[in-house]
There are 2 protein chains.
Amino acid sequence: MEKRKGTVTIKDISRKCGVSVSTVSKALNHYGDIAPETAELIRQTAREMHYVPNTAARQLKTNTSHNIGVLFVDEMNSGLAHEYFSGILDAARAEAERLGYDITFIGKNIGGKPMTYLEHCQYRKVDGVLIANVDFSDPGIIELVTSGLPVITIDYAFDSTSCVMSDNMEGAYALTSYLIGRGHRKIAFIHGERTSVTNKRLVGFNRALKDHGIVPDDRYIVQGRFHDPQKSREATRYLMELPDPPTVIMYPDDFSYIGGMTELEKMGLSVPGDVSTAGYDGIPISQFIRPRLTTYHQDAAQIGRVSAAKLVETIENKKTCIPEEISVSGHILEGTSVAEI
Amino acid sequence: MEKRKGTVTIKDISRKCGVSVSTVSKALNHYGDIAPETAELIRQTAREMHYVPNTAARQLKTNTSHNIGVLFVDEMNSGLAHEYFSGILDAARAEAERLGYDITFIGKNIGGKPMTYLEHCQYRKVDGVLIANVDFSDPGIIELVTSGLPVITIDYAFDSTSCVMSDNMEGAYALTSYLIGRGHRKIAFIHGERTSVTNKRLVGFNRALKDHGIVPDDRYIVQGRFHDPQKSREATRYLMELPDPPTVIMYPDDFSYIGGMTELEKMGLSVPGDVSTAGYDGIPISQFIRPRLTTYHQDAAQIGRVSAAKLVETIENKKTCIPEEISVSGHILEGTSVAEI
DNA sequence: CTATGAAGCGAAAACGATTTCGACACGAGA
DNA sequence: TCTCGTGTCGAAATCGTTTTCGCTTCATAG
């Protein structure tokens, strides 16, 4: 004697309209073989009854969820809190939603039961995955990437999948060239872990030096880590204690710059009086601190949008869509942290 | 002549084990009426065959998704990018995952078709919703909150649902008392929009003044906005141009503080030499800028964890679980932005 | 020896949609 | 008149699970 459970189904509509469920389904999905008036009637009453389709049922039948997974891991707790990635995620979410897809997070366990990323994806039946800010050498990631599930990676290139990258080579080139244009010759480069991002930036950096006839000085190139102010402080101190210290220091990201700045301050050095600095990312806060940071702004929103769009395209034309490397460029945000010398 | 579609189902296991699908299902769900050896055999082969349950089917049958929705709206584009909220989200995600729930974003439209938040939730069949950082007067939010779906709100209290809040009254009280303890009497308070968060802070602020025998000065209480550096600059200028300016300014959040600081700097005022400042939030960056900000640190991680835990609890004991207001307290982060006078 | 009950398992009906295939009516061409 | 195509629609199978209820056994109490 159970009454309606609150949710209205396709069957309720069929009853009310005096047609079969098949007809309702077809009308709602704009099939061609339903009389226009019938279809309109059905759609109208569906609206009136506040019908909302049951994703689970649809998913079960069609084996697609209109749902995409995201893998954003916070190595070192900067994770979501890092504005670059949260900017990307936010934009991706908006774009995906516009295209009819929802976003759910993919983790490496669910309910205490550990599962691989791939299993989690299968479990949730996501149609595709967006991967960013993870350790791309993780076997779990590799498994996922090679599974055949549509995947877009961000800032890292596999050859089996499409990826979208901030144009790191161009960015480093532009930034370095800018510094050279301001008269700098002794340019230090603190870079992040040796990922492809770092490699591309190094290429851009070296190319800029070369194009301006400057010979690279190994001592000025030091390894730091992304988003690690502490590491950045150490690198900064090392550089400034060199017998012939650089006139400008480039940081791997704005967050690292903050660390560097506190060290410079501690050493009694002023920016840009004693040494100039440049960042990378262009997070909002970088324009509010003093000195206002000269930095290369990565267009996180655009990256997010493009990633989502490309992923959906891959999902919907899985056979014809070939892997592609999309790069989105940013621009220099000119602050007051670089002196003209 | 279709072969297995790659995914192994309960039926495949039943065939392999020579039992019925019902038995498999029961074994997997730890029902009592299956012989231990049978159950173990089934679970073992399930593992071997890499069985992963089909959520859609389960969801269809049980009408629960083990999936919770989150509503994080970025009014003014600070959204996810704001570390306080992304910190909450991140922690909530981790905790939910630990409890066996995934998280998907809820928006106000899907695939171009506008739908209410509630409809979106029904569409995705989420078991509950976490709401934060939205306009709580939005009819769509009200509809959702009163729909009977388990809901947890963050930093805002409805009486029909549980909410978890940073203890704003206590925080404002503690921070104000701290300032008084440092000798300040002329304390300005730039506050955010008149939400309940703001109201509680005002109560804490006034109570602290009263407890220390200071009479509140209306001119020192000015309305700003959360996370709006520009608005904050204006308020700062207004305050400092008063005939009898305050000796310390409290900002509604650390981000607003950054705006205020740039204005002070522009006016040629030094912090804390000419005027002291205090923030609210305790985002990481606040401890890297100079002067190091004295601020009230809200425990975003704890708020996220508690929210997710309480939501799951509400979902799983919908009848017995009564609405509750949970407050999680933070602590003062003592920086160098407040002078002793 | 029979009645009883528990323990272990399976048949089958859902859940709400999609989709194939056939049924039926009707107008037109032969 | 008969056939045939076309335009509309419905029956029914199906997706993978959960869950109820009944059917066997078999041991034990009577």
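## About the model

The model is predicted: local features need pLDDT of at least 70 and side-chain atom pairs count only at pLDDT 80 or more, while totals for chains, interfaces and linings use all residues. Residues are numbered from 1 along each chain as its sequence is written, chains are lettered from A and ligands numbered from 1 in the order in which they are written, and side-chain values use heavy atoms, with hydrogens and water left out.

## Where the chains meet

Let us start with the contact between the chains. Chain A brings 54 residues to it and chain B brings 52 residues, where contact means heavy atoms within 4.5 Å. The size of an interface is often given as the accessible area lost when the parts come together. Here chain A and chain B bury about 4900 Å² between them, with 60% of it on carbon and sulfur atoms; buried area is the accessible area (1.4 Å probe) that two parts lose on being put together, summed over both. Phe105(A), Tyr123(A) and Phe288(A) supply 13% of the area that chain A buries against chain B, more than any other three residues.

Two salt bridges are counted between chain A and chain B, each being a side-chain nitrogen of Lys or Arg within 4 Å of a carboxyl oxygen of Asp or Glu. One salt bridge pairs Arg124(A) with Asp102(B), whose closest N and O atoms are 2.5 Å apart. Among the elements that give two or more residues to the side of chain A that touches chain B are α4 (55–62), β2 (102–105) and α6 (117–124) of chain A. The element that gives the most to this side is α5(A), with seven residues. Helices (H or I, at least four residues) and strands (E, at least two) are DSSP runs, numbered from the N terminus.

## Nonpolar cores

Which residues have the most contacts inside the largest nonpolar core? They are Ile88(A) and Ile88(B), in a core of 52 residues. A nonpolar core is a set of buried Ala, Val, Leu, Ile, Met, Phe, Trp, Tyr and Cys residues joined through side-chain atoms within 4.5 Å. Buried means under 20% relative accessible area, exposed over 50%, and partly exposed in between (1.4 Å probe, protein chains only).

Leaving aside its neighbours within four places in sequence, Ile88(B) touches Phe72(B), Ile154(B), Ala300(B), Ile303(B) and Gly304(B).

## A buried asparagine

Asn168(A) sits in helix α8 (residues 168–181) of chain A. Asn168(A) counts as buried because its relative accessibility is 1%. Its side chain makes a polar contact with the side chain of Arg201(A) at 2.8 Å. A polar contact is a pair of N or O atoms within 3.5 Å; within protein, one must be able to donate a hydrogen and the other to accept it, and residues adjacent in sequence count only if both atoms are side-chain atoms.

## Backbone features

Most residues other than glycine have a negative phi, and most peptide bonds are trans. A cis peptide bond joins Val271(A) and Pro272(A), with omega about 5°, and the bond from Val271(B) to Pro272(B) is cis too, with omega near 0°. Pro272(B) lies in the loop between α11 (254–266) and β11 (276–281) of chain B.

Asp281(A), in strand β11 of chain A, has a positive phi near 130°, and Asp281(A) is buried, with a relative accessible area of 5%. Lys125(B) has a positive phi near 55° and lies in the loop between α6 (117–124) and β5 (128–132) of chain B.
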